[in-house]
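Hello,

Here is the structure I promised to pass on.

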Amino acid sequence: MVNWINSVSRRLPPWLLYMVAPLPVAWFLYLGFTGGLGVEPIRALEHKLGELGLQILLLVLAITPLRRYAGLNLLRFRRALGLVAFFYITLHLLVWLVLDVQIPAQIWADIVKRPYITIGMLAFVLMIPLALTSNNLSVRRLGKRWRKLHWLTYPAVLLGSLHFVLLTKGFQMEPLLYLGATVLLLALRLKKRSLGRLGTVGGARG
Amino acid sequence: MAFRWKGDLKDHHVTDEAHWLNRRQIIGGAAGIALAGLAGRSQAAGTLEPNSWEEITSYNNYYEFGTGKEDPKAYAGALTTKPWTVTIDGLVDSPGDYALEDILSKMTVEERIYRFRCVEAWSMVVPWNGFELADLLELAGVQSGAKYVAFETLYRPEEMRGTAYPVLDWPYVEGLRLDEAVNPLTLLATGIYGKDIPNQNGAPLRLVVPWKYGFKSIKSIVRVTLTDSEPPTSWNKANPREYGFYSNVNPQVDHPRWSQATERPIGGGFFAKRQPTLMFNGYEQEVAALYDGMDLSKSF
């Protein structure tokens, strides 16, 4: 099974993801205009986009452990997946700005005053340099620093899942499961670092 | 009989007569129909256009059936609402278990078109059918020491799949001060649009307190208790910093998660415009006096 996926994925070009990525958005919009998102399509669209973005980010984080522990090699899709996630998170933010809050003064007040929005915005801001440097030219120019910069992925996903936990009312399971998955995927990395490099890097970063 | 709330929140009562006649004339013309459609559900103009049955019954918070807005409609069908008994106890003259049909046989059910404002900053207009809570309290005979009314929602895990998770401390409880409870606006709803109230909206009997955030309007009531001290309320227990006992709709008192200055009416699709939130959800004249001398930013 793993070998089969590996051999199929070797033949699929990563740019296919960019072709597929807008399709769910078109589907959501179609649903929204035809009643398929319920009577409050703004909120539904906002949530669907945010959740999809977070799911893809978790997949991005899972690529390394999947390779190490399951022999599943999806590394060549990682950059494209990261960009697709950024695309969804950006749309999620746009829906919030344009369709949901609508009032510019309220937007800034919300970002400053409401912890879950502050944290969500911070996660988005951290993703901007990652998205901007997700091209071959940047990888070449930045050299070693590119890897260092892209370490920002970790706090970005962590803040993203924290954003989800903080925005729900009451003690809800779903966002906690996302946070748990994020922590687990990050912990798998810490373990390797601290074992492999005598804890210096992992310790400093942990 | 408690003194009755006179206004029947219909278009012509809310709007001044001239404005109302004018509006009717406009609507009479073909162009007027198109205009009215474009204007949407304008509450600011002083008219209350109820949301559709579909909107009111498919976008609900009823965490006993799940935390998603669509969950209650999908899963509340499992709830048995007949027979239904309401326990009335505490500081009352005639405590006991009251069969709902016995209660209903003594009550005057009327239509009340009320604004409904959720703390999540969305709103609807709902044509409830129900009777005044004051009438039920009169039936049970409130004793002089009573100061508060506590309510409890049904807790029946085998029919309420959401209660498998500790989202809140089940059963759901709520409360009102006695003067709020006997205010003529305070309704016990049994229907919407003249039909039986659907399970997802709190069948067979739910509270409606239109000047407070929606979560105060406790659903599927099985117990009403008169007490002399402030009863616990579910959301206050879960997060006292965010949910006070009073929970009056107040555009000036911000909630940590949602600005309360504006709200989005449900039913406007992708392009629904926000509108300013009214003090006490538009019922300031009727209820502001209840809170004279209170600092509503502290007693929120």
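This is a predicted model: local features need pLDDT of at least 70, side-chain atom pairs count only at pLDDT 80 or more; totals for chains, interfaces and linings use all residues.

**Chain A**

Chain A has twelve helices and zero strands. Its radius of gyration is 18 Å. A compact globule with 206 residues would have a value near 17 Å, so chain A agrees with that expectation. The C-alpha trace of chain A spans about 50 × 40 × 40 Å along its principal axes. Of the 206 residues in chain A, 44% are buried.

There is a nonpolar patch on the surface. The members are A:Leu12, A:Trp15, A:Leu16, A:Tyr18, A:Met19, A:Val20 and A:Leu23. Together they have about 690 Å² of accessible area. Helix α2 (residues 15-20) of chain A gives the largest share, five residues. A:Leu23 lies in helix α3 (residues 22-33) of chain A. Its relative accessibility is 55%, so A:Leu23 counts as exposed.

**Aromatic contacts**

Over all chains, the structure holds 19 aromatic pairs. One of them joins B:Tyr59 and B:Trp122 edge-to-face, at 5.0 Å centre to centre and 75° between the planes. This pair links distant parts of the chain, 63 residues apart. B:Tyr59 is in the loop between α4 (53-58) and α5 (71-75) of chain B, and B:Trp122 is in strand β4 (residues 122-132) of chain B.

The cut-off here is under 20% relative accessible area.

B:Trp122 also pairs with B:Phe116. That pair is tilted, with 6.2 Å centre to centre and 35° between the planes. B:Phe116 counts as buried at 15% relative accessibility.

Elsewhere in chain B, one aromatic cluster takes in B:Tyr148, B:Phe245, B:Tyr246, B:Phe280 and B:Tyr291.

Two charged side chains sit over rings. A:Lys169 lies over the face of B:Trp235, at 4.9 Å from the ring centre. The charged end of B:Arg115 is over the ring of B:Tyr283, 5.6 Å from its centre.

**Salt bridges**

Side chains of opposite charge can pair when their charged atoms come close. The structure holds 20 salt bridges over all chains.

B:Lys73 forms a salt bridge with B:Glu54, and the closest N and O atoms are 3.7 Å apart. B:Lys73 lies in helix α5 of chain B and B:Glu54 in helix α4 of chain B, so the pair ties together parts 19 residues apart in sequence. Both ends are partly exposed: B:Lys73 at 40% relative accessibility, B:Glu54 at 44%.

B:Arg156 and B:Glu159 meet in a salt bridge at 2.9 Å, N to O. B:Arg156 counts as partly exposed at 22% relative accessibility, whereas B:Glu159 is buried at 14%.

B:Glu242 and B:Arg257 form another salt bridge, with the closest N and O atoms 2.5 Å apart. Both lie in the loop between α9 (234-238) and β11 (262-265) of chain B, so the pair ties together parts that are 15 residues apart in sequence. B:Glu242 is buried, with a relative accessible area of 9%. B:Arg257 counts as buried at 10%.

Finally, a network of salt bridges links A:Glu40, A:Asp100, B:Arg264 and B:Arg274.

Best regards

Terms used:
Residues are numbered from 1 along each chain as its sequence is written. Chains are lettered from A and ligands numbered from 1 in the order in which they are written. Side-chain values use heavy atoms; hydrogens and water are left out. Patches are made of residues with over 30% relative accessible area and no salt bridge: like charges are joined within 9 Å, nonpolar side chains (Val, Leu, Ile, Met, Phe, Trp, Tyr) within 5 Å. Accessible areas come from the Shrake-Rupley method with a 1.4 Å probe; for residues, only the protein chains shown count as cover. A salt bridge is a side-chain nitrogen of Lys or Arg within 4 Å of a carboxyl oxygen of Asp or Glu. Helices (H or I, at least four residues) and strands (E, at least two) are DSSP runs, numbered from the N terminus. Buried means under 20% relative accessible area, exposed over 50%, partly exposed in between (1.4 Å probe, protein chains only). Rings of Phe, Tyr and Trp (its six-membered ring) pair if their centres lie within 6.5 Å; planes under 30 degrees apart count as stacked, over 60 as edge-to-face and the rest as tilted. A charge sits over a ring if NZ of Lys or CZ of Arg is within 6 Å of the ring centre and within 35 degrees of the ring normal. The radius of gyration is taken over C-alpha atoms; the globule rule is 2.2 Å times the number of residues to the power 0.38.
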